[in-house]
Amino acid sequence: MSLNKYFEKAVELIDKSERILITTHHKPDGDAIGSLSAISDALIASGRDVKPLILSPMPEWYRFLFDEKVPVLGEDVKLDELVAGRFGMFDLIIIVDTNSPGQLPDFAKYLKQINIPILVIDHHRTSDGLGALEIVESDAAATGLVILDLFKYTGWKITKKIADALFIAIATDTGWFQFNNTDGRVFEACSELFCLGVKPSDIYRKLYETCSYERFKLKTAMLNTLELHFDGRFATMQLLKKDFEKTGGTYADTENLINEPRIIKTVDVTALFIELGDGRIRCSLRSKGALDVGKIAGKFGGGGHKMAAGTFVPGPMENAKKLILNEIRNLLD
Ligand SMILES: [Mn+2]
């Protein structure tokens, strides 16, 4: 089936629907949030009753893409409320930037209990056949690109805000045009969005240069704990309860901080250990690809994939670090 045929069927589905729930994967990134925002705006403009819902909180720097706070499943809406129809009765569900129930924790439980058509718009290779209709272009660098093509097919108006959202989707999923998924289509799309009024420098400032002083102090505290192990291949950092108290930073402020040591040439894997308010130790792991950190997290009951994973580890801090160091040593041997 050609892409236009898929778009035609998507439009048929949307035309039949009045009340639409739109969601994306948990821990939503720029592509997920930008795609969610763009498609929500277009369907709201068409007069439909549209409810975006996210499965875990979104980083605060993306919030300007929404006029109202997007409810979070498990916080603002409980699973049983969703199942009972108290969040709304829907005739269509649109899922963007994933086609895998594993990425939709509690929402997947809701999907099992209902019988509503699902439209998936995605670019990931993992495809679990979630939707009645799946528009999945695995060679697209971002879901935002697929959605831009849907806008062009349908003639839906691309407002400045929608252009901003799609630009964010594409820029973030290509690492601001640094990753090797950056291709001609990416630059063409961004050129079109630029002509619609997107100012990349403004977007960059909104996304990356609005750090609070508290978050910056938290980052400094974290960097001061940096240790390198195994000939510099493994970097560890930690944040204790007292670091949060001292700096005024919050757990949400730790978003992306783990990536800092990646720029060190020798580093293959990075671990960030965080002592939570209840005393538990949360360990996040990032790999540049040589080691599978998903396997390590899995041993402690956590989850993730090869490049990014997370888990709770028995404390106290020194014990947690020792346990993870042992796992890394085993993998390296
Ligand atoms: Mn994506």
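Domain bounds are those of an automatic or database domain assignment.

## Model and domains

In the protein chain, this assignment gives domain 1 (3–208) and domain 2 (213–332). The centres of domain 1 and domain 2, taken over C-alpha atoms, are separated by 30 Å.

The model is predicted, so that local features need pLDDT of at least 70 and side-chain atom pairs count only at pLDDT 80 or more, while totals for chains, interfaces and linings use all residues. Residues are numbered from 1 along each chain as its sequence is written, and side-chain values use heavy atoms, with hydrogens and water left out.

## Manganese site

The manganese ion is coordinated by Asp 31 (OD), Asp 97 (OD), His 123 (NE2) and Asp 173 (OD), at 2.1 to 2.3 Å. Donors are N, O and S atoms within 2.8 Å of the metal (3.2 Å for Na, K and Ca); water is not among the atoms, so sites may look incomplete. Along the chain, the donors of the manganese ion follow the spacing D-x65-D-x25-H-x49-D. Asp 97 lies in the loop between β3 (92–96) and α4 (105–113), whereas Asp 173 belongs to helix α6 (residues 160–173), so the pair ties together parts that are 76 residues apart in sequence. Helices (H or I, at least four residues) and strands (E, at least two) are DSSP runs, numbered from the N terminus.

Is the pair of Asp 97 and Asp 173 buried or exposed? Asp 97 counts as buried, at 1% relative accessibility, and Asp 173 also counts as buried, at 15%. Here buried means under 20% relative accessible area, exposed means over 50%, and partly exposed lies in between (1.4 Å probe, protein chains only).

## Salt bridges

A search of the whole structure finds 16 salt bridges, each defined as a side-chain nitrogen of Lys or Arg within 4 Å of a carboxyl oxygen of Asp or Glu. One of them joins Lys 161 and Asp 41, with the closest N and O atoms 2.8 Å apart. This pair links distant parts of the chain, as Lys 161 is in helix α6 and Asp 41 in helix α2, 120 residues apart. Lys 161 is partly exposed, with a relative accessible area of 22%, while Asp 41 counts as buried at 19% relative accessibility.

Glu 192 and Lys 152 also meet in a salt bridge through their side chains (2.8 Å, N to O). Again distant parts of the chain are linked: Glu 192 is in helix α7 (residues 184–195) and Lys 152 in helix α5 (residues 143–154), 40 residues apart. Both count as partly exposed, Glu 192 at 32% relative accessibility and Lys 152 at 44%. Within helix α4, Lys 109 and Asp 106 form a salt bridge (2.9 Å, N to O). Being three residues apart, Lys 109 and Asp 106 are separated by about one helical turn. Lys 109 is partly exposed at 44% relative accessibility, as is Asp 106 at 31%.

## Second largest pocket

The second largest pocket holds about 280 Å³ of space. On a 1 Å grid over the protein atoms alone, a cavity is a set of points where a 1.4 Å probe fits but cannot get out, whereas a pocket is an open set with protein on both sides within 12 Å along at least five of seven lines; lining residues have an atom within 4 Å of a point. Grid points are joined across faces, edges and corners, and a volume is the space filled by probe spheres set on the points.

Of the 16 residues that line the second largest pocket, Ile 44, Pro 52, Phe 66, Asp 67 and Glu 68 lie nearest its centre. The elements giving two or more residues to this lining are α2 (30–45) and β2 (49–52), and α2 provides the largest share, four residues. The lining divides into nine nonpolar, one polar and six charged residues. In this division Ala, Val, Leu, Ile, Met, Phe, Trp, Tyr, Cys and Pro count as nonpolar, Asp, Glu, Lys and Arg as charged, and the others, Gly among them, as polar.

## Backbone features in loops

Trp 176, in the loop between α6 and α7, has phi near 55°, a positive value in a residue other than glycine. At 18% relative accessibility, Trp 176 counts as buried. Phe 230 likewise has a positive phi, of about 50°, although it is not a glycine. Phe 230 is found in the loop between β6 (227–229) and β7 (234–239) and counts as partly exposed at 24% relative accessibility.

The peptide bond from Gly 315 to Pro 316 is cis, with omega near -5°; Pro 316 is placed in the loop between β11 (308–313) and α12 (317–332).
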